Amino acid sequence: MSSAFQASLEGGLSRITQGQPLEVAYGSQITLRNILGKPLPCWLHSHRNTYPIRYENGRGSSHQQQVTCYPFKDVNNWWIIKDPGRQHLVASNPPRPVRHGNIVQLVHGITTRYLNTKL
């Protein structure tokens with residue numbers, strides 16, 4: 001079932017997407033899906049778990065939040081599109097659409113931690 005159809009149903013997904021703009025805008029709640037995944041497509045996913053500060057073999061770690069590709073729909077797949085120049089995470093009224101070439105930050109919807117990336 002498409003996301004648009006699921007959002008039209010009462011409860012479930014519609015609670016999360018209620019009041020969201022139809023096009024991707026700053027403050028939008030989104031999921032990102034890799035459709036080329038093997039053996040299954042999967043969604044960008046995170047949760048409260050972090051990598052350890054130090055592994056058993058003594059090697060250090062980033063201690064950052066774990067981010068994976070998860071093959072099932074889950075509340076931990078939700079991300080918020082944030083404008084790096086603003087503090088708030090909510091969609092403005094009217095919404096400010098994200099355009100090709102805009103820089104965005106992804107904030108994990110459950111933990112509100114930023115996705116750490118390298119260019």
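Which side chain does Arg-99 meet in a salt bridge? It is the side chain of Glu-23, with N to O at 3.6 Å.

Before I go on, some ground rules. This is a predicted model, in which local features need pLDDT of at least 70 and side-chain atom pairs count only at pLDDT 80 or more, while totals for chains, interfaces and linings use all residues. Residues are numbered from 1 along each chain as its sequence is written, and side-chain values use heavy atoms, with hydrogens and water left out.

By salt bridge I mean a side-chain nitrogen of Lys or Arg within 4 Å of a carboxyl oxygen of Asp or Glu. Searching the whole structure gives three of them.

Back to the pair I opened with. Arg-99 sits in the loop between β5 (79–82) and β6 (105–108), and Glu-23 in the loop between α2 (13–17) and β1 (29–30), so this contact ties together parts that are 76 residues apart in sequence. The helices and strands here are DSSP runs, numbered from the N terminus: helices are H or I with at least four residues, strands are E with at least two. Glu-23 is partly exposed, at 44% relative accessibility. On that scale, buried is under 20% relative accessible area, exposed is over 50%, and partly exposed is in between, using a 1.4 Å probe and protein chains only.

Next, Asp-83. Its side chain meets that of Arg-86 in a salt bridge of 3.9 Å, N to O. Asp-83 also forms a salt bridge with Arg-96, where the closest N and O atoms are 2.8 Å apart. Asp-83 and Arg-96 both lie in the loop between β5 and β6, so their bridge ties together parts 13 residues apart in sequence. Through shared partners, Asp-83, Arg-86 and Arg-96 join into one network.

Is Asp-83 buried or exposed? Buried, at 15% relative accessibility. Arg-86, at 37%, counts as partly exposed, and so does Arg-96, at 28%.

Now the sheet. Strands of a sheet pair through backbone hydrogen bonds, either parallel or antiparallel. Here we have an open sheet of three strands in the order β2-β3-β4, with antiparallel pairing. Two strands pair if DSSP finds at least two bridges between them. The edge strands, each pairing on one side only, are β2 (33–34) and β4 (65–70). Strand β3, residues 42–50, is joined to β4 by five bridges. For a specific position, Ser-46 has Val-67 in β4 as its bridge partner.
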